[in-house]
Amino acid sequence: MKTCVLFVLASFFLACGTPNMQIAIPDRFKEQAIQYPVKITGTGEGRKPVQVGPYSTSRIKRGLLTTRGRYNRNEQSLLQENLLNLFQIELGSLRSVQRDKFEFSFTDGKQTVQVLAQEQEISEGARFQSNTRWVSEVYREQSFQYAFSARFIPQNPNQGELWSLVLYSNYDWSIQQPFRAADFNEGGLLVAAGDTLTIKTVRVQRVMDKHGQEHAMPFAIPFAYEFRIGDEVCAIIDTWGKNLWLYKELDESTRSAIAAATTAILSRRIQNRVGAG
């Protein structure tokens with residue numbers, strides 16, 4: 001229930017006139033970073049190009065977003081079966097699999113890479129179905145697994161190296177405490193130019209308006225991603241205000257890799273939702 005409330009309130013914040021709001025970046029990092037606005041149409045689910053400061057993409061070629069579901073009726077004891085039949089109730093489990101893929105080219109003005117991306121989400125939950133007039137069907141998600149991967153292939157192998165991006169998230173209600181909200185944090189890796197960067201979601205509670213004034217939200221929401229080299233933050237994606245912050249001392253190849261990863265992350269369709277990045 002708590003998770004549902006967070007999703008509803010977060011969606012309310014996103015929908016209620018917040019185009020000039022962005023997350024509050026720590027001053028210590030901001031002083032050493034460059035801000036690149038992200039120009040993306042709508043929520044990023046379309047086909048139009050994405051621009052991140054001096055970096056840009058081609059139009060996005062999208063495959064077919066597929067969804068497959070399987071319903072199984074739960075087996076009950078004789079007593080349970082009689083009680084359920086008495087009240088015209090059926091209990092079952094529903095397993096759903098979503099898959100999507102897309103591709104585009106990305107350029108930093110000097111070299112171009114081809115981006116091939118795919119994502120998959122598997123969810124399982126309990127379905128309560130009744131023929132009574134006061135309630136027809138209730139579904140509760142119980143477990144969730146998500147994976148996203150992208151490969152960045154240089155068009156000219158002599159001008160760059162292959163980059164790889166992986167993001168993942170999961171939860172299982174069966175191991176949660178009663179009434180405790182599920183944790184939708186994502187984690188991942190970006191391997192580029194011989195370096196391995198770790199990626200994680202950041203829950204944000206302070207936002208900034210167009211006048212530079214900070215405001216505190218009543219709860220923290222995962223509106224950002226951090227990229228780290230070792231223990232040091234080297235980049236932040238603000239998914240709410242649509243900004244990329246890059247550490248000034250990064251080499252050109254690493255900056256391009258992070259910018260390319262940003263365009264791929266923001267172009268997803270399945271995991272493009274509040275609480276999942």
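**Basis.** I am working from a predicted model, in which local features need pLDDT of at least 70 and side-chain atom pairs count only at pLDDT 80 or more, while totals for chains, interfaces and linings use all residues. Residues are numbered from 1 along each chain as its sequence is written, and side-chain values use heavy atoms, with hydrogens and water left out.

**Whole chain.** I noted 4 helices and 15 strands. Of the 277 residues, 41% are buried, where buried means under 20% relative accessible area, exposed over 50% and partly exposed in between, with a 1.4 Å probe and protein chains only. Contacts (heavy atoms within 4.5 Å) with a separation of 6 or more come to 58% from residues 24 or more positions apart. The chain exposes about 15500 Å², of which carbon and sulfur atoms supply 51%; accessible areas come from the Shrake-Rupley method with a 1.4 Å probe, and for residues only the protein chains shown count as cover.

**Surface patch.** I returned to Leu116, which counts as partly exposed at 37% relative accessibility. Leu116 forms a nonpolar surface patch with Ile153 and Leu162, and together they have about 210 Å² of accessible area. Patches are made of residues with over 30% relative accessible area and no salt bridge, nonpolar side chains (Val, Leu, Ile, Met, Phe, Trp, Tyr) being joined within 5 Å and like charges within 9 Å.

**Salt bridges.** I recorded 4 salt bridges in the structure, each a side-chain nitrogen of Lys or Arg within 4 Å of a carboxyl oxygen of Asp or Glu. Glu124 pairs with Arg95, their closest N and O atoms being 3.1 Å apart; Glu124 lies in strand β8 and Arg95 in strand β7, so the pair ties together parts that are 29 residues apart in sequence. Glu124 is partly exposed at 37%, and Arg95 is partly exposed at 30%. Asp100 forms a salt bridge with Arg269, with closest N and O atoms 2.7 Å apart, and this pair links strand β7 to the segment after α4 (252-266), 169 residues apart. Asp100 is buried, with a relative accessible area of 3%.

**Second largest pocket.** I read its volume as about 420 Å³. Its lining has 20 residues, and the closest to the centre are Pro26, Phe29, Glu226, Val233 and Ile236. The elements giving two or more residues to this lining are α2 (27-30), β12 (195-208), β13 (214-229) and β14 (232-238), with the largest share, 4 residues, coming from β14. A pocket is an open set of points on a 1 Å grid over the protein atoms alone where a 1.4 Å probe fits, with protein on both sides within 12 Å along at least five of seven lines, and lining residues have an atom within 4 Å of a point. Grid points are joined across faces, edges and corners, and the volume is the space filled by probe spheres set on them. I also looked up Glu226, which is buried at 13% relative accessibility and forms a salt bridge with Arg228, the closest N and O atoms being 3.1 Å apart.

**Phe144.** I placed Phe144 in strand β9, residues 137-154, and found this residue buried at 2%.
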